[in-house]
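Let's take a walk through a protein together, one stop at a time. Have a look at the picture below, and then read on.

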Amino acid sequence: MQTTRRHLIAIAIATATGWVAPGLAQAADSPIVIGYQTGVDPSKVAQADGLYEKAIGKPLQWKKFESGAEVIAALASGSVQIADLGSSPLAAATTRQRPIKTFLIVAEIGSSEALVARNGSGIKTPQDLVGKKVAVPFVSTTHYSLLAALKHWKIDPAKVNIVNLRPSEITAAWQRGDIDAAYVWDPALSKAKESGKTLVTSTEVGKWGAPTFEAWVVNKDFAAKNPDVVAKFSQVTLQTFADYRKNPSAWNAQSSQVAKIARLTGADPKEIPGLLAGSRFPVGQEQLSSSLLGGGTAKALQNTAEFLKEQKKVDSVLPSYSGFVEASFVRQAAGK
């Protein structure tokens, strides 16, 4: 928990002192730092194969994070220029008017995130969550989904002991029997499923009016100075999505693609095909459509921010979030 507190302190410092622009903090010859998380998606294959470095022609440093809160802190400190961020922490960051741009949707999240009750916890139905200890990484898509699910079930969050744990901490606490349930993603999700029961996935929560997604975001100053880097990054990502969409059955548990994803994420290879099938990875024209970068993403951020305000996680909601979404890099990558 000390690590989590340090992350929260870092966010607080960043909030109080302002943004350190990566363009100022980064030396000219330093590698571009890319923050990624352990969510399962096809672009992990391109990352493992070094295709981003090849396309961009500059050194990249890949830095793994366990939660959106950590990513926000890294962006705020200027130590990361491009990062993978879930919709809930992204809504919180943009509400606080951080100078970032959402330039590509990584995944529309489905069953790759879920709420699982530990065997022996006494949780059989959602109502049994009352009085139980439920772990979730705060300021994450699963935190948002958990609160949305409780609202749908008409359960007061104050009557549930919701604790803030990182995914690796959730796995350790689960094995010790310290928690009763967790809403999380892989590899912690697969570990929980081995001795637990799934109560709901983000597929269902999305249908209840609280969809979540992952996105690649870039510091506004860095993007303005390096538009070709962002466009080439988008192009590589979109190609891996197209490769997967063309023949998803080839990405089976024995495939080289799944082996690479497992190496980077720590997810169980047997679980990865199902996790890939549980999310949607939009390709070029879908990215540019009115439902995503063409307007829908900004609206989704606003809706998420409104929910976070209702839950007292942010103080206000902006009139518009369109200034935090930029479609030009995908358009350039797709030749549009």
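This is a predicted model: local features need pLDDT of at least 70, side-chain atom pairs count only at pLDDT 80 or more; totals for chains, interfaces and linings use all residues.

**From a surface network to the core**

Arg280 forms a salt bridge with Glu286, and their closest N and O atoms are 3.3 Å apart. Glu286 is partly exposed too, at 21% relative accessibility.

Glu286 also has a salt bridge with Arg245, where the closest N and O atoms are 2.8 Å apart. Arg245 belongs to helix 12 and Glu286 to helix 15 (residues 284–287), so this pair ties together parts that lie 41 residues apart in sequence. Arg245 is partly exposed, with a relative accessible area of 35%. Together with Glu108, the residues Arg245, Arg280 and Glu286 are linked in a network of salt bridges.

How many salt bridges does a search of the whole structure find? There are twelve. Another one of them joins Asp221 and Lys225, with the closest N and O atoms 3.3 Å apart. Both of these residues sit in helix 11 (residues 220–225), four residues apart, which is about one turn of the helix. An α-helix has 3.6 residues a turn, so residues three or four places apart point the same way.

Now let's step inside. The largest nonpolar core has 106 residues, and Phe103, Leu115, Leu129, Ile179 and Trp216 are those with the most contacts inside it. Helix 12 (residues 227–246) gives the most to this core, with seven residues. Beyond its close neighbours in sequence, Leu115 is in contact with several residues, including Leu129, Val134, Leu146 and Trp153.

Next comes helix 6 (residues 87–95). Is it enclosed or open? Nine of its nine residues are buried, so helix 6 is largely enclosed by the rest of the structure. The buried residues of helix 6 pack against a number of elements, among them helix 5 (68–77), strand 3 (82–86) and helix 16 (296–310). Helix 5 is itself mostly covered, with nine of its ten residues buried. After helix 5 comes Gly78, whose phi is positive, near 85°, and after helix 6 comes Gln97, with a positive phi near 60°.

Ser88 is buried, with a relative accessible area of 3%. Its side chain reaches the backbone oxygen of Ser140 at 3.5 Å. Leaving aside neighbours within four places in sequence, Ser88 is in contact with Ser140, Thr141, Tyr144, Thr304 and Leu308.

Terms used:
Residues are numbered from 1 along each chain as its sequence is written. Side-chain values use heavy atoms; hydrogens and water are left out. Buried means under 20% relative accessible area, exposed over 50%, partly exposed in between (1.4 Å probe, protein chains only). Helices (H or I, at least four residues) and strands (E, at least two) are DSSP runs, numbered from the N terminus. Contact means heavy atoms within 4.5 Å. A nonpolar core is a set of buried Ala, Val, Leu, Ile, Met, Phe, Trp, Tyr and Cys residues joined through side-chain atoms within 4.5 Å. A polar contact is a pair of N or O atoms within 3.5 Å; within protein, one must be able to donate a hydrogen and the other to accept it, and residues adjacent in sequence count only if both atoms are side-chain atoms. A salt bridge is a side-chain nitrogen of Lys or Arg within 4 Å of a carboxyl oxygen of Asp or Glu.
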